[in-house]
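Here is a guided walk through one protein model, written for someone new to reading structures. Take a look at the sequence and the 3D view, then follow along heading by heading.

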Amino acid sequence: MRLHSLSSDSSVPSPDSKTKPPISNLIDYTLLLSDELLLRVLSKLPGSQRSSNSLVCKRWLHLQGRLVRSLRVTDFDFLLSGRLVLRFPNLNQVDLISGSWVSSRNSSILLSHGVLSLHIDPWFLLCSDVGGEIVLESLLIDRGLKVLASGCPNLRKLALIGGSELGLLSVAKECELLQELELHKCNDNMLQGIAAFENLQIVKLVGNVDGFFSSVVTDIGLTILARGCRRLLKLELVGCEGSFDGIKAIGQCCQMLEELTICDHRMDDGWLAGLPYCENLKTLKIMSCKRIDANPGPDEYLSSCPALERLHLQNSQLRDKVSVRALFMTCGAAREILIRDCWGLDDDMFSFANNCWRVRLLSLEGCSLLTTEGLESVVLQWKELQSLEVVSCKNIKDSCVSPALSEVFSVLKNLKWRPDTKSLLSSSLVGTCMGKKGGRFF
């Protein structure tokens with residue numbers, strides 16, 4: 001469509017009036033297209049034009065809203081008023097966490113804790129328990145969930161904070177296709193409403209976050225979750241309590257579970273013994289944990305997870321020999337081990353990894369206490385090792401690499417060697433057979 005100047009007098013013909021009709025004679029030819037056809041055209045345009053397209057007219061604004069599938073809500077009143085579901089009726093992914101805080105969106109202070117963040121007014125910083133003061137009331141959260149569920153029945157993914165089991169039940173009743181659920185400030189009572197979700201496959205439970213909120217998820221809640229969500233594929237527990245009974249219930253009921261993430265746990269001693277009941281567990285992630293399991297119990301209760309393939313340790317403390325030994329015994333069938341920025345991992349702790357004799361990939365990053373001798377003592381025992389990555393491990397030196405270890409390097413399919421900034425060995429040297437004869441060394 002060609003735009004004309006509104007400042008000119010429409011009654012005075014211009015010299016090129018024959019080629020440029022007046023504004024009153026312009027026709028919007030898009031009105032000849034049906035909504036379905038125009039939607040197909042708009043869907044082919046890049047996402048960067050979405051905002052500008054919605055400004056053309058009310059019709060385009062409405063149609064552009066029907067193309068939106070994912071939305072992060074920052075204003076909860078927008079949801080309560082019903083305008084959200086009217087403008088975006090085809091949403092399948094909604095994040096309500098950012099809009100569920102009684103905080104100022106115009107504030108320049110951003111309070112973050114990794115799993116969540118929010119803009120906060122300065123006077124809130126005087127409160128000892130910030131989250132307990134500024135999370136919206138459960139009644140408001142439940143009301144918003146009811147509005148969302150009735151207007152967007154095709155939801156596949158939902159993230160929320162607060163609320164109660166009544167709000168979850170309203171979502172479960174209307175959104176039968178929901179597959180992924182993220183619950184912050186979750187407790188045992190709230191999990192009573194999760195059993196109504198028949199098709200959940202991915203669940204993240206956040207119970208306790210220091211400085212924001214404090215909720216309790218115990219074995220009772222884990223058992224409710226296990227019996228109600230038997231199709232789980234991925235489960236992440238953040239700041240949750242529990243013990244052997246809760247992990248065992250998850251393993252026995254959720255037989256399709258393939259990935260389990262434990263973050264900043266408050267679990268009782270002995271929970272590691274429940275992992276072998278997860279017979280199809282392929283990936284175990286332990287992140288930001290101050291301890292693993294101080295008292296895992298006798299060795300006869302620590303059998304290996306039969307299907308486990310990947311063990312991922314990150315930002316956790318590996319100072320207790322009993323805990324580390326029990327962990328590697330439980331993960332003895334692992335094919336891949338990734339360790340990132342874990343404190344206390346020295347040669348003695350890493351020696352327990354000899355139990356994982358089937359390892360094909362080892363990735364170490366930020367393990368400053370581990371030495372070349374400690375790495376060699378384990379790597380030489382792994383006959384199936386194919387890939388090795390060593391990054392930012394300052395006590396692993398090129399000058400300490402033995403001929404036996406260099407021979408291992410020569411047969412690896414993938415080698416990433418950057419233990420410190422002075423290292424000269426690179427992945428391009430793989431296959432050169434350096435160190436086999438002992439005449440030349442790195």
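## Getting started

Two residues are in contact when they have heavy atoms within 4.5 Å. Helices (H or I, at least four residues) and strands (E, at least two) are DSSP runs, numbered from the N terminus. A residue is called buried under 20% relative accessible area, exposed over 50%, and partly exposed in between (1.4 Å probe, protein chains only).

The model is a predicted one, in which local features need pLDDT of at least 70 and side-chain atom pairs count only at pLDDT 80 or more, while totals for chains, interfaces and linings use all residues. Residues are numbered from 1 along each chain as its sequence is written, and side-chain values use heavy atoms, with hydrogens and water left out.

## The whole protein

The protein has 442 residues, and 45% of them are buried. Its secondary structure consists of 14 helices and 17 strands. Among contacts with a separation of 6 or more, 67% are between residues 24 or more positions apart.

## Helices H9 and H10

Let's begin with helix H10 (residues 244–253). Its buried residues are Gly246, Ile247, Ala249, Ile250, Gly251 and Cys253. What do the buried residues of H10 pack against? They pack against helix H9 (219–228) and strand E10 (234–238). In H9, the buried residues are Asp219, Gly221, Leu222, Leu225, Ala226 and Gly228, and their cover includes strand E7 (202–206), E10 and H10.

How do the two helices lie relative to each other? The axes of H9 and H10 come within 8 Å and cross at roughly 0° (axes are lines fitted to C-alpha atoms, for helices over the stretch in contact, and angles run from 0 to 180 degrees between N-to-C directions). H9 and H10 are therefore roughly parallel; angles under 35 degrees count as roughly parallel, over 145 as roughly antiparallel, 65 to 115 as roughly perpendicular and the rest as oblique. On the H9 side the contact is made by Asp219, Leu222, Thr223, Ala226 and Arg227, and on the H10 side by Asp245, Gly246, Ala249, Ile250 and Cys253. These residues divide into five nonpolar, two polar and three charged. Here Ala, Val, Leu, Ile, Met, Phe, Trp, Tyr, Cys and Pro count as nonpolar, Asp, Glu, Lys and Arg as charged, and the others, Gly among them, as polar.

## Another helix pair

Helix H7 (residues 138–151) and helix H8 (residues 165–174) pack at an angle of about 5°, with axes 8 Å apart. H7 and H8 are therefore also roughly parallel to each other. H7 brings Asp142, Leu145, Lys146, Ala149 and Ser150 to the contact, while H8 brings Leu166, Gly167, Leu168, Ser170, Val171 and Glu174. The residues of this contact divide into five nonpolar, three polar and three charged.

## An aromatic pair

Rings of Phe, Tyr and Trp (its six-membered ring) pair if their centres lie within 6.5 Å; planes under 30 degrees apart count as stacked, over 60 as edge-to-face and the rest as tilted. How many aromatic pairs does a search of the whole structure find? It finds three. One of them joins phenylalanine 244 and tyrosine 277 edge-to-face, with 6.0 Å centre to centre and 70° between the planes. Phenylalanine 244 lies in H10 and tyrosine 277 in the loop between strand E11 (259–263) and strand E12 (283–287), so the pair ties together parts that are 33 residues apart in sequence.

Are these two residues buried or partly exposed? Phenylalanine 244 is partly exposed, at 27% relative accessible area, and tyrosine 277 is partly exposed, at 33%.

Glutamate 259 is in strand E11 and is buried, with a relative accessible area of 18%. Leaving aside neighbours within four places in sequence, glutamate 259 is in contact with Leu233, Lys234, Leu235, Leu281, Thr283 and Lys285. Lysine 285 is in strand E12 and is partly exposed, at 24% relative accessibility. The C-alpha atoms of lysine 285 and leucine 313 are 6.0 Å apart, although the two are 28 residues apart in sequence.

Aspartate 264 lies in the loop between E11 and E12 and is buried, with a relative accessible area of 16%. Not counting residues up to four places away in sequence, aspartate 264 touches Asn208, Gly239, Cys240, Met287, Ser288 and Cys289.
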